[in-house]
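Here are a few notes to read alongside the model.

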Amino acid sequence: MAAVQAVQGVPPSLSAKVTGSFAYLTIRDRLPTILTKVIDTIHRNKNSFFEEYGEEGISSEKQAISLLSKLRNELQTDKPLLLLTDGLQDAESWNQYLQRQQRLLGDQYTVSWFNSPWLYVECYMYRKIQEALVLNPPISNFDVYKEGKTQSFFESQQAVITLCTYLADIHKNMEKLSKNQLFEFFTKLLQVSLWGNKCDLSISAGKENSQKTSPIDSLNSLQPFILVDDSNMVWSALSSSQRLEESGKNAAERVDIVLDNAGFELVTDLVLADFLVSSGLVRQVHFHGKCFPWFVSDVTAGDFQWTIWQTMAANHRWMSKSGAQWQRYLKEGVWCYHDHPFWTQPHEFCDMAADAPDLYATLQEADLVVFKGDLNYRKLTGDRDWDHTVDFSTALRGFRPAPLCSLRTLKANVQVGLQPGQGEKLTSLDPNWMTSGKYAIIQLYSPKSE
Ligand SMILES: O=P(O)(O)OC[C@H]1O[C@](O)(CO)[C@@H](O)[C@@H]1O
Ligand SMILES: [Mn+2]
C-alpha cells in the first residue's frame with residue numbers, strides 16, 4: 001500500500017513512502033524531469049530576458065535557476081520541506097499547512113519529499129517553482145509552461161475546428177431540437193470535455209500530448225472505457241435543479257466549471273459551456289482557474305483570455321465565430337472567469353468550508369459544479385487509499401457545496417464508486433488501469449441521490 005498517515009475513520013493518504021508505488025515513481029522520476037524542463041526553459045529564454053530587462057534580467061535568470069536546482073536536489077535526496085519565504089498572500093497558509101503535516105507525522109519524523117502525502121508534496125513543488133520566480137523580479141511573472149500550452153493548442157487545431165464546426169451545426173438547428181436530441185448533444189459534449197482531459201502535460205512530464213483525431217468520431221469507441229457514467233443524473237441535476245423548481249423557470253441559473261488544463265481540454269470545456277447557455281439549459285457559466293502556472297498545463301487567467309482571442313483570430317469561419325461568441329458571453333456576464341488562491345493550495349476539498357469559506361459560498365450559488373481532471377478528483381477524494389466500492393459521497397467527507405460532477409481520466413490510484421468486483425476485474429485485465437489515462441469517469445454527487 002502506498003500510503004501514510006491515518007486520520008480517524010479515513011484511509012491514509014497516498015504517498016511515495018512505498019517504494020515502487022505510482023506516487024513514489026512520480027516523485028522519483030516525473031517531478032525531477034519537470035523541474036529540469038523548467039530550468040531549461042528559463043535558460044533558453046535568457047536572451048529575451050536580457051533584451052527586456054538588461055543585466056538585471058540575466059542575474060534573475062541565474063538566481064532562479066540556482067533556486068530551482070537546489071529544489072531538485074532537495075527532492076532527489078528526500079530533504080525536509082521548507083517554509084515559503086516570498087511573502088505572497090498565500091505563503092502563510094502554506095506554512096501553516098506544513099506545520100499541520102508535521103503534527104500529523106509526529107515528532108519522530110520531519111516532513112520530507114518521500115514520507116509525506118503525495119498530493120501535498122506535488123502541489124508544494126509547483127508552489128516552490130513559483131517562489132523561485134517571485135523572489136527574482138523582473139522575471140517574476142514569467143510563465144515557464146506557456147510554450148507547452150501554446151503548442152498543445154496549435155497542434156490540436158484540426159480537432160478544434162471539428163468541434164467548432166459541430167457546435168455551429170447544433171446552433172443552426174437549435175430551435176428545432178427535441179428534448180431527447182438536446183440530451184444527446186449534451187452527453188456527447190460532456191464526453192468530449194471528459195476525454196479532453198487526456199491532453200494534460202503533467203502526466204507526460206511536459207512531452208507533447210495534443211488531440212490529433214476527431215473528438216466526435218472517437219466517442220463511440222471510447223465509451224467502454226467510461227467506468228462510471230452518471231450522465232443521465234447530471235442531466236437531471238440540471239433540468240430539475242432546486243432553484244428551477246422554486247423559480248418556475250425553465251433554465252438552471254448557473255453551472256460552475258472548475259477548469260483543469262489549457263490547450264485542447266480548455267476548448268472542449270468552452271464548447272460545452274457554449275452549448276449549455278446557447279441551448280437555454282443554463283443562464284450563466286462561471287469558470288474557475290489558477291492564480292499562477294500550475295501542474296504544467298493548468299489554465300490561468302492569461303491562458304483563458306489567450307485561448308479565446310486565438311479562437312477569434314483563427315482563419316476558419318466557425319472557429320472564429322465561436323471565439324467571437326465566447327468573447328461576447330464574457331462581456332455580457334453570461335460567462336465569468338474567477339481565480340482563488342485555494343485552487344493552488346494542497347488542501348483536500350473537504351477542508352474548503354473551513355479554510356476558504358468565501359470560495360465554498362461561491363460554489364454554493366451554483367446549480368451544478370463540474371470538476372475537470374485528475375488533480376481535482378484527487379482533492380475531492382482526499383487522494384486517499386479508498387476501497388473502490390466506497391460511495392463517492394463518503395469519499396467527499398462532507399464537501400457538498402452543490403450537486404457536483406467529476407469529469408476525469410484516471411491518472412492516479414484513487415477511484416471510488418465502482419461496483420463490487422469491478423476494480424478487481426480491471427486490475428486483472430490491465431494492472432495500470434488507474435494511472436494510464438485510458439479510463440475515465442463521469443461521476444455525480446447530488447444530495448438528492450442520497
Ligand atoms: O491535469 P490533470 O488531469 O489534473 O492531471 C494531472 C495529473 O498528472 C499527474 O501529475 C501525474 O502524476 C498527477 O499527479 C495529476 O493528478
Ligand atoms: Mn492539470
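1. How many aromatic pairs does the structure hold? The count is 32. Please keep in mind that this is a predicted model, and that the distances and angles below are computed from it.

2. Let us begin with one of those pairs, Y24 and F114. Their ring centres are 5.7 Å apart and their planes meet at 65 degrees, so the pair is edge-to-face; the cut-off for that label is over 60 degrees. Y24 belongs to helix α1 (residues 22-44), while F114 sits in the loop between α4 (91-105) and α5, so the contact ties together parts that are 90 residues apart in sequence. Y24 counts as buried at 15% relative accessibility, and F114 counts as buried at 14%, the limit being under 20%.

3. A second pair to look at is F287 with F304. Here the geometry is tilted, with 5.1 Å from centre to centre and 50 degrees between the planes. The pair links distant parts of the chain, 17 residues apart: F287 is in strand β5 (residues 282-289) and F304 in helix α13 (residues 301-313). Both of these phenylalanines are buried. They also belong to one aromatic cluster, together with W326, Y329, W335 and Y337.

4. The charged end of K17 sits over the ring of Y109, at 5.7 Å from the ring centre. R378 lies over the face of W118, and there the distance to the ring centre is 3.5 Å.

5. Next, the metal. Which residues are the protein donors of the manganese ion (ligand 2)? They are D260 through OD, N261 through OD1 and D298 through OD, at 2.2 to 2.3 Å from the ion. Along the sequence, these donor residues follow the spacing D-N-x36-D. D260 and N261 are both buried.

6. N136 is found in the loop between α5 (118-134) and α6 (146-155). A polar atom of the N136 side chain lies 2.8 Å from the backbone oxygen of A132. Leaving aside residues up to four places away in sequence, N136 touches S60, Q63, A64 and L67.

Definitions and conventions:
Residues are numbered from 1 along each chain as its sequence is written. Chains are lettered from A and ligands numbered from 1 in the order in which they are written. This is a predicted model: local features need pLDDT of at least 70, side-chain atom pairs count only at pLDDT 80 or more; totals for chains, interfaces and linings use all residues. Side-chain values use heavy atoms; hydrogens and water are left out. Donors are N, O and S atoms within 2.8 Å of the metal (3.2 Å for Na, K and Ca); water is not among the atoms, so sites may look incomplete. Buried means under 20% relative accessible area, exposed over 50%, partly exposed in between (1.4 Å probe, protein chains only). Helices (H or I, at least four residues) and strands (E, at least two) are DSSP runs, numbered from the N terminus. A polar contact is a pair of N or O atoms within 3.5 Å; within protein, one must be able to donate a hydrogen and the other to accept it, and residues adjacent in sequence count only if both atoms are side-chain atoms. Contact means heavy atoms within 4.5 Å. Rings of Phe, Tyr and Trp (its six-membered ring) pair if their centres lie within 6.5 Å; planes under 30 degrees apart count as stacked, over 60 as edge-to-face and the rest as tilted. A charge sits over a ring if NZ of Lys or CZ of Arg is within 6 Å of the ring centre and within 35 degrees of the ring normal.
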